[in-house]
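Me: I have a structure open that I have never looked at before, and I'd like to go through it with you bit by bit. Could you start with how the parts are named?

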Amino acid sequence: MDRRRFLTTTGGSALAAVGLSALTGIAGPRAMATPAAVPSSTLPSRAAIITVLRRVADHWIAAHANPGNNQWANATFFSGLLSLYSLTKDARYLGYARSWAEQNNYALNGGSSTRIADNQNAGQAYLDLYALEPDPHKISAIETSLHRMTYTDQVDKNDDWWWADALHMAMPPFARLGTLRGDARYHQKLYSLYQHTKHAEGGPGLLNPATGLWYRDKNFLPGHIVSPSGKPVVWSRGNGWVAAAHVKTLKALPPAQSNTAEYRDTLTRLVTALPPVQRPDGFWNVNLADPAHFPGPESSGTSFFVCAVAYAVATALVSRATYLPVAARAWNGLVATAVHPDGVLGYVQGVGDRPDSSQPVTYDTTADFAVGAFLHAGAELATLAS
């Protein structure tokens, strides 16, 4: 992952001690920067959602005859594509995903001894393909990698996930492999790694318990990097990665697994923090704590939030009456503003680690991982539509 340059570190932040509204200095979505037409809060039909998903997926596939590498960004696209396949059963999507996995020999970037979360992200799509067409070769690399971390390679080391994005990359494979093998040790290792990220990384951990939102890494903890106006830096896509990690992990774990309740509660806290900082156009800004810090629509964080809110509604973690309009407004905003007529998904912040990474974000900026997030979002939302 591209570790971008650091902003100048300035004075301390009161983020850990105050609530979200006081933190951002705004009372609700109407106070956000760059006002735009308010999209409908009515959920489109299932057929309409699928039509848009197909348009976006088909454009990406047509533009990429070579399905590409097995690194985290492209792997996120294929995870989303397989989510769309699960929804549509369109053999073209399965075939394209299969060709990608075979081209990469179901291997991990960095080899099967890697313990880097980014490298393990491809394991999500490999596990999807294994579930559809079982073959031990498909999950050999991801299983070897996770088995080493759990059983043989520095098994007491739990500080690997030092950045919030890592939760999305590696939590789901640990959860799924533990369930597949009926081996609680994988679930225990997952929880130990997660607890370090949440409560110990950088001292206090990356979760802000006052808001339910997460710092991207220790460089953004209170007392470190702040926005140009002195507000905290709470990166939208970083929180999107965290949200998607919890959704995928909860889908993989048995309901009675001992840590499931905590994962549910943590996801619920994150989801309930989102409506107050949603933009009028349905999107979320790149900095959730400062609407003046590179304001404007951004598709990757917004897509992940749609996915998380839709899942939370579907599983009754939050009120359907209150939160479905939040997801619908975001989805309708994405479709109206970011999806081009030919299926390009625009307004994507490129690779980075903070709001000022890969700026400017424009109608024409796009990326594979964001398309994957969008496909996940639509697939989750379609389960709520008729």
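Reply: Helices here are DSSP runs of H or I with at least four residues, and they are numbered from the N terminus. With that naming, Pro360 lies in the loop between H13 and helix H14, which covers 368-382. Please keep in mind that this is a predicted model.

Me: OK, and what is the peptide bond from Gln359 to Pro360 like, cis or trans?
Reply: The bond from Gln359 to Pro360 is cis, with omega near 0 degrees. As background, most peptide bonds are trans.

Me: Let's go to helix packing. At what angle do H6 and H8 pack?
Reply: Helix H6, residues 122-132, and helix H8, residues 165-181, pack at an angle of about 30 degrees, and their axes are 9 Å apart. The two helices H6 and H8 are therefore roughly parallel to each other, since angles under 35 degrees count as roughly parallel.

Me: Which residues of H6 and H8 meet?
Reply: From H6 there are Gln124, Leu127, Asp128 and Tyr130, and they meet His168, Met169, Pro172, Pro173, Arg176, Leu180 and Arg181 in H8. Sorted by class, this contact of H6 with H8 has 6 nonpolar, 2 polar and 3 charged residues.

Me: And how far apart are the axes of H8 and H10?
Reply: The axes of H8 and helix H10, residues 236-252, are 7 Å apart, and the packing angle is about 5 degrees. That angle makes H8 roughly parallel to H10. On the H8 side the contact includes Asp165, Leu167 and Met171, while the H10 side includes Trp241, Val242 and Lys248. By class, the contact of H8 with H10 has 10 nonpolar, 4 polar and 3 charged residues.

Me: What about H12 and H13, are they roughly parallel or roughly antiparallel?
Reply: The axes of helix H12, residues 299-314, and helix H13, residues 320-338, come within 9 Å and cross at roughly 150 degrees. That makes H12 roughly antiparallel to H13, because the cut-off for roughly antiparallel is an angle over 145 degrees. The crossing of H12 and H13 is left-handed.

Me: Which residues of H12 and H13 meet there?
Reply: In H12 they are Ser299, Thr302, Ser303, Val306, Val309 and Val313, and in H13 they are Arg320, Tyr323, Leu324, Ala327, Ala330, Trp331, Leu334 and Ala338. The residues of this contact of H12 with H13 divide into 10 nonpolar, 3 polar and 1 charged.

Me: What is the phi of Gln154?
Reply: Gln154, which is not a glycine either, has a positive phi of about 50 degrees. The residue Gln154 is placed in the loop between H7 and H8, and with a relative accessible area of 48% Gln154 is partly exposed.

Me: Switching topic, how many aromatic pairs does the structure hold?
Reply: The structure holds 21 aromatic pairs. In one of them, the rings of Tyr151 and Tyr186 have their centres 6.1 Å apart and their planes at 75 degrees, so this pair is edge-to-face. Tyr151 lies in helix H7, residues 136-152, and Tyr186 in helix H9, residues 184-199, so the pair ties together parts that are 35 residues apart in sequence.

Me: Is Tyr186 buried or exposed?
Reply: Tyr186 is buried, with a relative accessible area of 2%, whereas Tyr151 is partly exposed at 30%.

Me: What about the rings of Tyr194 and Trp214?
Reply: Their centres are 6.3 Å apart and their planes are at 45 degrees, so the pair of Tyr194 and Trp214 is tilted. Tyr194 lies in helix H9 and Trp214 in the loop between H9 and H10, so this pair ties together parts that are 20 residues apart in sequence. Tyr194 counts as buried at 0% relative accessibility, and Trp214 is buried with a relative accessible area of 1%.

Me: Last one, which residues do ring pairs link into a cluster?
Reply: Ring pairs link Trp60, Phe77, Phe78, Tyr96, Trp100, Tyr106 and Tyr126 into a cluster.

Note on methods: Residues numbered from 1 in each chain as written. Predicted model: local features only at pLDDT ≥ 70, side-chain atom pairs only at ≥ 80, totals over all residues. Heavy atoms only, no water. Axes fitted to C-alpha atoms, helices over the stretch in contact; angles between N-to-C directions. Parallel < 35°, antiparallel > 145°, perpendicular 65-115°, else oblique. Contact = heavy atoms within 4.5 Å. Nonpolar A, V, L, I, M, F, W, Y, C, P; charged D, E, K, R; others polar. Left-handed = near helix turned anticlockwise from the far one by under 90°. Phe/Tyr/Trp six-rings, centres within 6.5 Å; stacked < 30°, edge-to-face > 60°. Buried < 20%, exposed > 50% of the residue type's maximum accessible area, 1.4 Å probe, protein only.
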